[in-house]
Amino acid sequence: MEKLLVHGGSRLNGTVAISGSKNSSLPIMAASLLTRERCVIRRVPDLSDTNYMVRILATLGANIERASGNVIINAEKISSQAPYDLVRKMRASVCVLGPLVGRLRSAVVSLPGGCVIGDRPIDLHLRGLEALGATVEVKGGDVSVCAADGLRGAEINMRGKHGSTVLGTGNVMMAAVLAKGQTIIEGAAAEPEVVDLATFLNAMGARIVGAGTRTIVIEGVDELGGAEHVVIPDRIEAGTFLIAGALVGDDVTLENVCSAHLRELIAFLKQSGHPVNELDGDRIHISAGVELRGNDLVTGPYPEFATDMQAQICALCATTPGISVVTEAIFPQRFMHVPELNRMGANIRMEDATAIIRGVDKLSAAPVMASDLRASAALVIAGLGAEGTTEVNRLYHIDRGYENIDDKLRRIGARVDRVKQ
Ligand code: EPU
């Protein structure tokens, strides 16, 4: 196991190149199961999560080559069963369900296990597949989905208790592209990753309109062909570096970003007093503000504030003067970073799914335990601004979603060391 030593006190200066999106790459790689032809996916970040997806696709029978951010997938002959030992390692493995049932008319996928960020059911995915005419059975830890006579287009409402579902929308969209007739998904997730998936599917020959809105309409086609695609920039990695820049940046520029995907975060940082400049559509400049004030936010489905940036914002607000109020509306239990930030001297009090953060002057370094991907990123950010050397343990969490994070941080002046435990 590895840990990251974050030596606080350095200022950040320079340019960071943002990688391709993890959460786009995963369903897009799964979507290449829908064709026998070759698919080329570019700018896939080299992360443990994308490596798991490569292994799952290979276990299903796909032939995969991977080099310099390009993943070439040839799924000429595939089987319909995704095994537990791989699926349990990554919840997003569930997005092979839609393409498998769409192409092979049956799929058996182990149910993903629990997750530290809260209860993460897949009832909406299954409800969508049932609406397309599949039968669903959960047995022995596996979910079996079968549509012996093929899927039929339908009207489906994907809205759940916490709003829309991103991977659920993707799963149903991937199943519906090969269904007979028209599918209308209401209450669809509008995240940029759903739009990216639809762009890839359309390049394969699918007929999808409305991705990026709450209503997606899909006209089923008989078959899909190979396609090439460049994955969109990772808005959560970009957001994480923006937040680090707001905390300890003198002059930080992010490149390869899509600033339109970061509207809510940029507005939040500006309102808090940090100068953020969108240099052009794909470069953003940030430095730490001087006159800062506490600020409030509530996470929500896109285009609202992303839950995946809530932990990092808590780390920033921990030393922002005044009171900040951060409410989590997507995963109400996603606050494992709070006790760790408090161990570093933060003053954060929880009231249900709301963190009430009273800004302190400075945090002090401590050994801290990362419990999930974004919580780990929050602790690294906190360490950059803290006095002393913060030890972020269980680094494998951060390697699931941030490509070369320690190299990227070092290149802009952070002092961080990855060491074996
Ligand atoms: N939900 C249900 N039933 C379902 C599916 C979801 O009740 O069948 C609920 C969830 O429990 C949650 C809400 O709906 O309260 C939204 O969950 P969603 O399904 O949208 O999450 P996801 O698709 O499983 C993706 C990202 C997450 C990100 C969420 C929300 C990927 C691989 N994962 O998960 O990313 O937090 O959308 O934006 O795309 C991360 O990258 O750190 C991460 C956790």
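Residues are numbered from 1 along each chain as its sequence is written. Because the model is predicted, local features need pLDDT of at least 70 and side-chain atom pairs count only at pLDDT 80 or more, while totals for chains, interfaces and linings use all residues, and side-chain values use heavy atoms, with hydrogens and water left out.

An automatic or database domain assignment sets the bounds. Domain 1 covers 2-19 + 234-420, and domain 2 covers 22-223. Their centres, taken over C-alpha atoms, are separated by 30 Å.

| Quantity between domain 1 and domain 2 | Value |
|---|---|
| Buried area | about 1900 Å² |
| Salt bridges | 2 salt bridges |
| Polar contacts | 9 residue pairs (both at pLDDT 80 or more) |

Buried area is the accessible area (1.4 Å probe) that two parts lose on being put together, summed over both. Of the area buried here, 50% is on carbon and sulfur atoms. On the domain 1 side, the residues that lose the most area to domain 2 are Y302, F331 and R400, together 30% of what that side buries.

Contact (heavy atoms within 4.5 Å) links 26 residues of domain 1 with 22 residues of domain 2. A salt bridge places a side-chain nitrogen of Lys or Arg within 4 Å of a carboxyl oxygen of Asp or Glu. R235 forms such a bridge with E193, the closest N and O atoms being 2.8 Å apart. A polar contact is a pair of N or O atoms within 3.5 Å; within protein, one must be able to donate a hydrogen and the other to accept it, and residues adjacent in sequence count only if both atoms are side-chain atoms.
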